[in-house]
Amino acid sequence: MPVHTRSSLLASAGAGPASSRLGGALSVIAATILALGAGELAAALFAPAASPVALVGGAVIDMTPPGVKDAVIAIFGTADKIFLTFCVSAGTLLLAGLVGLSFARTRIPAYAWVLFAGAVALATAFTRTNLGVGAAVPGSVLSVVGVGAVGLIAALTLPTHSPATSTPMAGGATRRRFATTLLTTAGAGIGAAAGAQVLTGGSTPAANEPIVLPTPTSTPPELPQGLDVPGLTPLRTEARELYRIDTALVVPQYRRDTWRLTIDGMVERPLAFTLDELLREPMIEIDATMLCVSNSIGGDLVGSVRFQGIPVRDLLARAGVKKGADQVIQTSIDKYTAGAPLEALTDPTRDALVVLGINGKPLTPEHGAPARLFTPGIYGYVGATKWLTTLTVTTFAAQQGYWVPRGWSALGPVKTATRIDTPSAGKRAVVGPDGKVPVAGVAWAVHRGVGAVQVRADGGAWHDAELSTDVNIDYWRQWLLRLELSPGTHLVEARAADASGQWQTEVPAPPAPNGAAGYHAVEINV
Ligand SMILES: Nc1nc2c(c(=O)[nH]1)N[C@H]1C(S)=C(S)[C@@H](COP(=O)(O)O)O[C@H]1N2
Ligand SMILES: [Mo]
């Protein structure tokens with residue numbers, strides 16, 4: 001049995017893979033996986049809104065330039081949150097690997113790293129949630145478990161120089177022990193993260209007793225019969241089919257006992273409502289179409305539902321708006337802000353609502369429970385703040401909503417537009433029994449009303465489409481035109497006019513800064 005000196009021990013095969021730079025990197029990565037998993041599990045158990053990965057993801061979103069964010073949403077669609085979770089986890093593990101390069105020489109950076117990771121979790125939990133001390137749990141667990149995991153891996157895999165272990169194991173045994181230790185550690189971390197996922201069902205659970213909506217004081221008539229064309233968007237969007245767009249990686253949670261809707265700023269009498277008080281306020285229902293400014297021509301970030309809520313103008317009248325104000329900043333539980341024109345919120349012809357229900361049911365967590373704003377005729381980023389907590393009466397000069405410094409217009413009136421639903425691009429068109437191809441879609445000119453839709457093929461003459469019965473000026477209309485088309489490929493275009501006869505612009509524009517424009521064109525095969 002050879003006698004090993006300290007340096008020859010580290011250099012020999014018997015020192016094991018843990019002594020290499022790669023081994024060190026893998027060791028700290030494994031410890032970090034366990035720490036992250038434990039942090040997520042602790043969050044799922046004790047503070048669901050304080051998931052470290054999700055909160056850091058939220059902070060990353062806030063620091064991401066709007067162009068990049070738009071690109072992510074464009075590429076990943078509604079999987080953007082999964083992508084961000086992946087990025088945050090991968091970025092964290094990459095850093096862990098870098099920290100681990102020197103692990104064989106010194107463990108101090110590894111300990112500092114897991115403490116730092118826990119501190120970041122704590123900082124985001126305290127700044128991005130309103131959970132109070134409970135917010136400290138996930139970050140603390142992350143650090144404590146991280147320190148333990150670093151210590152354990154070091155003890156089990158790194159050679160020590162005490163007399164008892166100065167006789168190294170054979171290389172194979174060391175490697176096996178190294179692999180077992182790391183795989184067990186990382187596996188436990190992945191197991192914990194999976195457990196957290198199961199506990200939260202992928203989103204954060206609502207611990208509140210269900211909201212019971214009061215009977216509205218006024219309800220619109222039943223929707224008219226829509227046009228019946230296969231592939232055409234239904235006249236009313238099911239709540240679960242409604243698009244979802246927001247900056248929240250985790251659905252913000254509210255607590256029924258502490259949630260308030262506050263009306264403050266330039267008002268004579270600031271008001272604050274508990275949820276129970278708000279539920280006793282008279283509510284009305286309106287049928288309206290909501291759009292995201294990011295909707296591209298032909299896109300599906302648009303839906304039409306029945307909103308139930310309290311007219312904002314009634315609440316503002318009670319608070320007494322002071323002279324000079326022209327904007328109402330909405331703030332959400334997760335500190336998102338939007339600034340809507342005071343004029344639109346107090347307009348007697350337009351029922352901007354503090355919304356508590358959609359299609360007769362309380363708001364789902366994803367769509368803003370317990371309360372959100374909705375302003376007819378204005379894109380969501382300006383007038384539809386979800387998880388609403390505060391309406392602050394102010395001026396455009398004094399304050400800007402979240403997206404405005406990020407390059408989007410302060411005002412967001414919805415542009416007149418239409419979408420061809422069927423035939424869909426690239427697919428073979430179904431020729432009807434009359435030998436014609438039914439072309440159908442939806443058109444909106446929210447708060448001006450849809451007056452006409454026209455369709456043309458291959459740049460030819462425009463033809464008037466049949467419109468579904470008008471619901472109201474805030475609601476989209478379905479349209480249908482049966483076109484005679486020869487076999488082959490055709491370019492079909494559609495355009496809409498508002499009720500005053502003003503046609504939408506032909507000039508294409510991207511969504512930024514104030515909404516996409518141009519005709520929807522679809523190439524179809526007959
Ligand atoms: N708190 C909060 N509210 C928000 C947003 C957000 O990011 N955070 N996004 C807005 C945008 S851009 C749109 S288009 C609508 C979408 O509402 P929905 O997800 O219920 O369809 O919510 C608005 N309200
Ligand atoms: Mo939006």
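In the predicted model, the side chains of Q454 and D464 are joined by a polar contact of 3.0 Å, a polar contact being a pair of N or O atoms within 3.5 Å, where within protein one must be able to donate a hydrogen and the other to accept it, and residues adjacent in sequence count only if both atoms are side-chain atoms. The side chain of Q454 also makes a polar contact of 2.7 Å with the side chain of R495. Q454 belongs to strand β13 (residues 450–457); helices (H or I, at least four residues) and strands (E, at least two) are DSSP runs, numbered from the N terminus. With a relative accessible area of 12%, Q454 is buried, where buried means under 20% relative accessible area, exposed over 50% and partly exposed in between (1.4 Å probe, protein chains only). When neighbours within four places in sequence are left aside, the residues in contact with Q454 are W462, H463, D464, A465, E493, A494, R495 and W503, contact meaning heavy atoms within 4.5 Å. Q454 and E493 stand 39 residues apart along the chain, and their C-alpha atoms are separated by 8.4 Å.

The model is predicted, so that local features need pLDDT of at least 70 and side-chain atom pairs count only at pLDDT 80 or more, whereas totals for chains, interfaces and linings use all residues. Residues are numbered from 1 along each chain as its sequence is written, chains are lettered from A and ligands numbered from 1 in the order in which they are written, and side-chain values use heavy atoms, with hydrogens and water left out.

The protein chain contains 12 helices and 18 strands. Its C-alpha atoms fill a box of roughly 95 × 65 × 40 Å, taken along the principal axes. Of its 526 residues, 52% count as buried. Among contacts between residues at least 6 apart in sequence, 76% join residues at least 24 apart.

Two of the helices are described here. Helix α6 (residues 108–128) has 21 residues and spans 30 Å from its first C-alpha to its last, close to the 30 Å expected at 1.5 Å a residue; the expected span is 1.5 Å times one less than the number of residues. Its buried residues are A110, W113, V114, A117, G118, A121, T124 and A125. These residues cover an arc of only 125° around the axis and therefore lie on the same side of α6, the arc being that of the directions from the helix axis to the C-beta atoms. An α-helix has 3.6 residues a turn, so residues three or four places apart point the same way. On the other side of α6, I108 and T127 are exposed. The buried residues of α6 pack against α2 (21–46), α3 (52–63), α5 (80–100) and α7 (136–157). Helix α2 has 26 residues and reaches 37 Å between its first and last C-alpha atoms, close to the 38 Å expected. Because 19 of its 26 residues are buried, α2 is largely enclosed by the rest of the structure.

Around ligand 1 there are 18 residues, of which Y243, T247, H367, R372 and K386 come nearest; a residue is counted if one of its heavy atoms lies within 4 Å. A polar side-chain atom of R372 is 2.7 Å from an oxygen atom of ligand 1, and a polar backbone atom of T247 is 2.8 Å from an oxygen atom of the ligand. A nitrogen atom of ligand 1 lies 3.3 Å from an N or O atom in the side chain of S332.

T385 lies in the loop between α12 (380–383) and β10 (388–394) and is buried at 1% relative accessibility. Its side chain and that of Q330 are joined by a polar contact of 2.6 Å. Beyond four places in sequence, the contacts of T385 include S332 and R372. W387 is found in the loop between α12 and β10; this residue is buried, with a relative accessible area of 3%, and its phi is near 50°, a positive value in a residue other than glycine. Phi of K335, in the loop between β5 (327–332) and β6 (337–341), is likewise positive, near 70°.

Cis peptide bonds run from T422 to P423, with omega near 0°, and from A512 to P513, with omega near 5°. P423 lies in the loop between β11 (417–422) and β12 (437–444), and P513 in the loop between β17 (489–498) and β18 (520–525).
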